[in-house]
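I opened this entry to get my bearings in a new model. My notes follow in the order I looked things up.

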Amino acid sequence: MENIGQCRLCQTYGELRLSHIIPKFVFRFQRSRSVTPLRSHLVPDRPVQDSGKLYFLCDKCEERFSSWETAFKREVYDPLHAGSLDSVRYGPWLLKFAVSLSWRGLRATIETEETTPPKIKFAAATIETKKSWRDFLLDKRGHPGDYPQYIFPLESLAKTSDTTAPVNFASYIHRVAAAGIWHDPGRGALFSFSMLCSIAVIGVIALRNAHGWGERLHVRSGLIKVTSRIPPPEVIGMIKAQANDHLNMSRQLSERQKTLDSEAFSKDEEKALQSGYLQIMALDVARATKGDPQELAKLSRTVLRATRNKKQ
Ligand SMILES: [Zn+2]
């Protein structure tokens, strides 16, 4: 049976829980703010209720993760999305939470996609990383070794005026949940990433130059300043590429799905406003058009069409 196997963390055999790779509270947040259905990245026309679940951990390890997730949600995630977080003092739970995400993202990516050659290369390159992170999560070592963790609130980045950013850049940052491995050979960077809607957690596997990365997460305690934090070029490059991927995915949507989405917007204008989606879209439109009215009209035609449909 699929749910009997070896727990990826403590390695005991037994019944496994259907575990989330990205924590459940992120999908709950995403769903609460989404006007259109959430969609699978691989099969864009199919809505997903709850992405990225695998038989992965035993009950005990799932519980272990859940206490760090609860602390993160209470101290960081909820206040951040309520707009009431300028800085946060954290305890030992934050590094544990970050490593649990990076480890899960790395393991799950390799496990689900190891048939493609680049992933086999990653599997070999990350053996030491996985061991360090696993041992740290199981309290067998006091720190994650040469594989540090970083957390980047993305509010400031979403407001960038960088016109090389894809047209959906702010929307991607604020509304997409995803996990994976990112390799940037040019900059000598390899890391695991977790995009949690407006916040990114990065677990470094290899990094040639940590300039611009700021402070890594400490074992016991530390302070994160939310408003002034801008991620380094390696992380911005990853976010741009992921946003671009996402854009291509939405272009592949069938005409029927596009129409349904457009209708969802006009039917639920109230939710579109309350969800903050229109404000996020405004950031993307302002950056991409640089205020040019013609460009603006072209880009916002989805919104204009929705409004027209509503009037008829
Ligand atoms: Zn276990």
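In which sense do S7 and S8 pair, and over how many bridges? I looked this up first. S7 and S8 pair in the antiparallel sense, over eight bridges. I note at once that this is a predicted model.

**Entry: the hairpins**

I followed the strands from there. Trp182 stands opposite Phe191 in S8. The hairpin of S7 and S8 has four residues between the strands, and Gly188 takes a positive phi near 65° there. S8 then forms another hairpin, with S9, and two residues sit between those strands. In that turn I found Cys197 with a positive phi of about 70°. S8 and S9 are antiparallel and share seven bridges. Met195 has Ala200 in S9 as its bridge partner.

**Entry: strand S9**

I stayed with S9. Eight of its nine residues are buried. S9 also pairs with S6, again in the antiparallel sense, over five bridges. Here Tyr150 has Ile202 in S9 as its bridge partner. I listed the contacts of Ile202, leaving out neighbours within four places in sequence. They are Gln149, Tyr150, Phe152, Phe191, Phe193 and Val235.

**Entry: the core**

Which residues touch the most other members of the largest nonpolar core? They are Ala98, Ile151, Phe152, Ile173, Ala200 and Ile202, in a core of 69 residues. Helix H3 (residues 93-113) gives the most to this core, with nine residues. In soluble globular proteins, nonpolar side chains tend to be buried together. I also checked the whole chain: 33% of its 312 residues count as buried.

**Entry: helix H8**

Next I asked which residues of H8 are buried. They are Glu234, Val235, Met238, Ile239, Gln242, Ala243 and His246. Seen down the axis of H8, the buried residues fall within an arc of 165°, so they line one face of the helix. The spacing makes sense to me, because an α-helix has 3.6 residues a turn and residues three or four places apart point the same way. Asn248 and Arg251, on the other side of H8, are exposed. What covers the buried residues of H8 includes S6, H7, S7, S8 and S9.

**Entry: Thr163**

I then picked a loop residue. Thr163 lies between helix H6 (155-158) and H7. Is Thr163 buried or exposed? Thr163 is exposed, because 10 other C-beta atoms lie within 10 Å, and the cut-off for exposed is 12 or fewer. Beyond four places in sequence, Thr163 touches Arg287 and Lys290. Thr163 and Thr289 are 126 residues apart in sequence, yet 8.8 Å apart in space, C-alpha to C-alpha. Helix H11 covers residues 277-289. Just after H11, Lys290 takes a positive phi of about 50°.

**Entry: confidence**

How far can I read this model? The chain averages a pLDDT of 84, and 80% of the residues score at least 70. Confidence is highest in S9, at 97, and lowest in helix H13 (residues 301-311), at a mean of 54. Over residues 40-50 the pLDDT is below 50. Where pLDDT is low, the predicted coordinates should not be read in detail.

Conventions: Residues numbered from 1 in each chain as written. Buried ≥ 20, exposed ≤ 12 C-beta atoms within 10 Å, placed from the backbone. Arc of directions from axis to C-beta. Contact = placed C-beta atoms within 7 Å. Expected span 1.5 Å × (residues − 1). Pairing = 2+ DSSP bridges. Core = buried A, V, L, I, M, F, W, Y, C linked by C-beta atoms within 7 Å. pLDDT = per-residue confidence, 0-100.
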